Amino acid sequence: MWKDNLNFLSKLTFKRIFNALGLVFSFIFSRVSRSPVNHYMPVALAVEPTTSCNLRCPECPSGLRSFTRPTGMLRKEMFEKLMAEIGDTLLYLTFYFQGEPYLHKDFLQMVKMATAKGIYTSTSTNAHYLNYENALATVRSGLDRLIVSIDGTTQEIYQQYRVGGKLDKVLEGTRNVLKAKKELGSSTPHVIFQFLVVKPNEHQMADVRRLARELGVDELRFKTAQIYDYQEGSDLIPDNDHYSRYRKEADGKWSIKNRLIDHCWKMWHSAVVTWDGIVVPCCFDKDAEYRMGNVSEDSFRDVWYSETYKGFRHSLIGGRKNIEMCKNCTEGTKIWG
């Protein structure tokens, strides 16, 4: 993992460091003053290549086909415009929000654009489209981090959450990327197995540790699962309390473990851009209900400094529990291991 950390640090420039420090001081001042002051650009951004997905995971709007917003593909021209505008201050770019990134034919071309800007790039995939040709293209694109979702070590368990998925394809895709890295003599992408801990698969955590070692992935992460309708409980909430974002109360109802404090670092340092250019505050707004603006119509800078964004930050400082999106926010309850 130290190689990945060094790679990330290599992306730092004076301009990015100055901008990041400005964000930190703006955030601290805003917390103290209770006024949403921010004169700096985000250091992190998530861009959505597509809302399309080949799987039907039960807690994913893409999988459930439950979006009210349309499905589509990010226009490469809009991404180029975005990079020209904020690429110099942006440090971390995630090519993922909803959907499967590899369904976008120009996905890796956009990664190359970001790589040319010296930005640390990451994506998350179900790995079903990582044939050897795509694996080679992934390594050549300069992608820095590849998160592979593997939520079971047998097909029977894997398919209970990754509905419609094939575990063999995940393992084959992972092997292809690792082989491509070796063939091309590349240390990137940093390959992470991400295991979403839910009740059906929690008994396989030791098995996935062994599998990660056998395959030679760079890192294994256990992630707690977000449940949308958690109040009445769910068959997905694990018995292992350490890997649950929720707790059962005396009245039999379930609640989120963490406290909703009236501030959020994400509102200062990052944002999300959907495939059609809508800017939303964070990844919990999966259906793009809280729209700050649209970069297909305005510049990102105008959206970021808009009265709409300022008003949202002010509402959050005033009472985070009053924002519907924030009520199921479990930021800070992820478990890496």
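## Aromatic contacts in a predicted model

Phe79, Phe95, Tyr102 and Phe107 come together in one aromatic cluster. The model is predicted, so local features need pLDDT of at least 70 and side-chain atom pairs count only at pLDDT 80 or more, while totals for chains, interfaces and linings use all residues. Residues are numbered from 1 along each chain as its sequence is written, and side-chain values use heavy atoms, with hydrogens and water left out.

Across the whole structure, a search finds 16 aromatic pairs. One of them joins Phe14 and Phe18, whose ring centres are 6.3 Å apart with planes at 25°, so this pair is stacked. Rings of Phe, Tyr and Trp (its six-membered ring) pair if their centres lie within 6.5 Å, and planes under 30 degrees apart count as stacked, over 60 as edge-to-face and the rest as tilted. Phe14 and Phe18 are 4 residues apart in helix α2 (residues 14–33), a separation of about one helical turn.

The pair of Phe195 and Phe222 is edge-to-face, because the ring centres are 5.8 Å apart and the planes stand at 80°. Phe195 belongs to strand β5 (residues 190–197) and Phe222 to strand β6 (residues 219–224), so the pair ties together parts that are 27 residues apart in sequence. Helices (H or I, at least four residues) and strands (E, at least two) are DSSP runs, numbered from the N terminus.

Accessibility is given below, where buried means under 20% relative accessible area, exposed over 50% and partly exposed in between (1.4 Å probe, protein chains only).

| Residue | Relative accessibility | Class |
|---|---|---|
| Phe14 | 69% | exposed |
| Phe195 | 0% | buried |
| Phe222 | 0% | buried |
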